[in-house]
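User: Hi! Could you walk me through this one? I'd like to talk about pockets and rings.

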Amino acid sequence: MLTRLLRQSEARVRYAAITGWGKCLPPAALTNHDLASFLDTSDEWIVSRTGIRERRISHVSLGDMAWVAAERALAAAGITGAQIELVVFGTCSHDDQVPNMASGVQARIGAERAAAMDVNTACTSFLHGLSTATALIRTGAVNSALVIGAELISPFMDWTDRNVAVLFGDGAAAVVLQATEREEGVLAEKLGCYGEAREILRVHGMGGAYANRGRVYGDTSWQFEGQEIFKRAVHGMSDASRCALEKLGLTSEQVDLVIPHQANLRIIESVAKHLRVPMERVFVNVHRYGNMSSATVPVALCEAIEEGRVRPGSLLLMPGFGGGLSYCAHVVRWGERVAPLGESKADLPPSDRSALQIVRDVMAVKGRAAAAAS
Ligand SMILES: CC(C)(COP(=O)(O)OP(=O)(O)OC[C@H]1O[C@@H](n2cnc3c(N)ncnc32)[C@H](O)[C@@H]1OP(=O)(O)O)[C@@H](O)C(=O)NCCC(=O)NCCS
């Protein structure tokens with residue numbers, strides 16, 4: 001017994017460093033003016049209430065976007081899929097429920113030895129997946145992991161509802177985690193959920209509960225209390241951030257860069273104010289992509305690295321919020337390397353369809369399916 005305890009205390013602490021990163025944004029951009037061509041809305045309203053100017057609409061499946069992001073992350077880490085022992089796929093907009101999304105990526109990257117799981121906490125799925133993979137590396141269950149945050153929201157959008165149609169977009173990103181003895185990767189996090197308020201964000205038509213009522217899968221209507229979600233988002237992200245930092249005896253002043261969930265510029269500004277972090281130390285790209293749900297934080301991380309905002313040894317804070325109503329915040333210590341080791345040739349197939357055409361096609365298919373079902 002004593003020998004075992006001594007061995008345990010001698011055992012070195014393992015961390016899960018982020019060693020690779022990659023994003024995949026579909027090329028077709030849907031502008032606020034495009035939206036105003038079929039909805040009673042305006043560029044002025046959308047920009048002033050949300051900060052969003054455009055969002056991407058995908059011409060490919062969720063799995064295709066995630067695979068490209070995964071290959072790019074592996075190349076940046078300088079490893080192959082065969083070296084990955086765990087794939088965690090964070091999403092709430094699955095191509096398929098069975099088989100899961102993670103196994104599709106596992107097969108395409110050749111991660112033959114890997115376990116593969118999906119995580120769904122809506123917009124915080126990537127961050128909850130990051131916690132899952134980090135924990136499994138730290139316990140020694142696996143030595144490496146690929147964590148994906150990817151969403152294909154456009155087919156599930158109610159394009160007749162201006163309250164929600166202007167807010168969301170499609171996209172994907174992934175990171176590679178590898179075991180290390182250096183104090184890197186996620187150092188502390190706070191995960192939580194306001195389950196009692198889950199009804200303020202519900203997408204009717206995205207699950208089995210609707211199948212028996214004759215509803216066409218994906219033909220959605222969104223129950224969405226914007227102002228209440230806004231308040232909970234600000235409190236959830238601010239409280240979780242303070243809690244995660246306190247676990248390490250740190251304050252927000254010591255954070256080099258906040259990379260928050262990108263749902264609304266005003267939510268981000270409110271969280272920054274609550275945390276007393278000036279906006280110069282907050283990364284924002286919501287104007288380019290809107291709310292890509294679980295893809296927002298990993299895409300923002302990739303772009304923060306590309307723009308030189310993440311430096312060797314940076315202390316990063318990543319607060320998130322989503323349906324559930326889930327909330328969380330992660331404190332991440334970046335390693336020495338901020339340049340990718342390699343580049344992948346993986347890319348999406350080209351498409352000449354505009355975002356507006358893709359959206360109009362989605363609306364037409366849904367209209368025909370609903371008419372056939374009634
Ligand atoms: C949705 C959100 C942008 C609305 O902003 P807001 O300032 O709270 O706006 P309000 O709810 O007060 O709506 C004001 C008016 O604008 C209207 N409106 C809503 N969407 C509109 C649009 N796209 N264009 C024009 N008008 C719109 C509303 O119908 C309402 O009109 P009314 O007063 O005549 O009823 C904001 O509440 C928000 O971002 N909430 C968080 C949502 C979110 O990010 N969820 C995902 C979490 S992961």
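User: Which helices and which strand each supply at least two residues of the lining of the second largest pocket?

Analyst: Those are helix H3 (43-50), helix H9 (226-247), helix H10 (265-275) and strand S12 (315-322). Helices (H or I, at least four residues) and strands (E, at least two) are DSSP runs, numbered from the N terminus. Please keep in mind that this is a predicted model, where local features need pLDDT of at least 70 and side-chain atom pairs count only at pLDDT 80 or more, while totals for chains, interfaces and linings use all residues. Residues are numbered from 1 along each chain as its sequence is written, and side-chain values use heavy atoms, with hydrogens and water left out.

User: Which element gives the largest share of that lining?

Analyst: H9 does, with six residues of the lining of the second largest pocket. Leu167, Phe224, Gly226, Phe230 and Asn264 lie nearest the centre of this pocket. A pocket here is an open set of points on a 1 Å grid over the protein atoms alone, where a 1.4 Å probe fits, with protein on both sides within 12 Å along at least five of seven lines; lining residues have an atom within 4 Å of a point.

User: And how much space lies in the largest pocket?

Analyst: About 710 Å³, taking volume as the space filled by probe spheres set on the points, which are joined across faces, edges and corners. Its lining has 24 residues, with Cys92, Asn120, Ala122, Leu201 and Val203 nearest the centre. Strand S9 (201-204) and helix H8 (208-211) are the elements that give two or more residues to that lining.

User: Switching to rings: how many aromatic pairs does a search of the whole structure find?

Analyst: Six. Rings of Phe, Tyr and Trp (its six-membered ring) pair if their centres lie within 6.5 Å; planes under 30 degrees apart count as stacked, over 60 as edge-to-face and the rest as tilted. One of the pairs joins phenylalanine 168 and tryptophan 222, with centres 5.1 Å apart and planes at 45°, so this pair is tilted.

User: Is phenylalanine 168 buried or exposed?

Analyst: Buried, because its relative accessibility is 7%. Tryptophan 222 also counts as buried, at 13%. The cut-offs are under 20% relative accessible area for buried, over 50% for exposed and partly exposed in between (1.4 Å probe, protein chains only).
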